[in-house]
Amino acid sequence: MNLRKLAIRALVLAPLVAVAATFFLNVCHLIYDCGCVSLWNGGAAFCNIQTPGPPDCPFCDQPDVAYGALYGTFVAQAVVVFAPGSLGLGIRALLGLAAFPLVVGASGIVLGLQAGYWN
């Protein structure tokens, strides 16, 4: 792959990573109904982790796992964008965008079940 193609694909990847990083807490709230809000509205300041007693949002309670889910999303997005093949940039961008809720959602559901969050 030549340098020009790599640069173009990097320009496709950058906003995908930005979307995932920016809206991670929104997806956290979607999964756990925990109170997390957009970064510009307070982030995790309203999460149920801030109040004594259960339930505690699994992502906020285990930030290393949450970061792992987010970084896993970045890796999945990079794989989709930089993988060899004839897929167009638009399809790669859509697949990269879809990787965000899929990776974070699957991680969040598994973590929530393991933690007994919904019991």
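Author: In this predicted model, helix α3 (residues 63–82) packs with helix α4 (residues 89–115) at an angle of about 155 degrees, and the two axes lie 8 Å apart. Angles over 145 degrees count as roughly antiparallel, so α3 is roughly antiparallel to α4. The crossing of α3 past α4 is right-handed. On the α3 side, the residues in contact are Val65, Ala69, Gly72, Thr73, Ala76, Gln77, Val80, Val81 and Phe82. By class, the contact of α3 with α4 comprises 12 nonpolar, 5 polar and 1 charged residues.

Helix α4 also packs with helix α1 (residues 3–32): their axes come within 9 Å and cross at roughly 30 degrees. Angles under 35 degrees count as roughly parallel, and α1 and α4 are therefore roughly parallel to each other. Here too the crossing, of α1 past α4, is right-handed. α1 contributes Ile8, Arg9, Val12, Leu16, Val19, Ala20, Phe23, Phe24, Val27, Ile31 and Tyr32 to this contact. α4 contributes Leu89, Arg92, Ala93, Gly96, Leu97, Phe100, Val104, Gly105, Gly108, Ile109, Leu111 and Gly112. The contact of α1 with α4 divides into 17 nonpolar, 4 polar and 2 charged residues.

How values were computed
Residues numbered from 1 in each chain as written. Predicted model: local features only at pLDDT ≥ 70, side-chain atom pairs only at ≥ 80, totals over all residues. Heavy atoms only, no water. Axes fitted to C-alpha atoms, helices over the stretch in contact; angles between N-to-C directions. Helix = DSSP H or I, 4+ residues; strand = E, 2+ residues; numbered from the N terminus. Parallel < 35°, antiparallel > 145°, perpendicular 65-115°, else oblique. Left-handed = near helix turned anticlockwise from the far one by under 90°. Contact = heavy atoms within 4.5 Å. Nonpolar A, V, L, I, M, F, W, Y, C, P; charged D, E, K, R; others polar.
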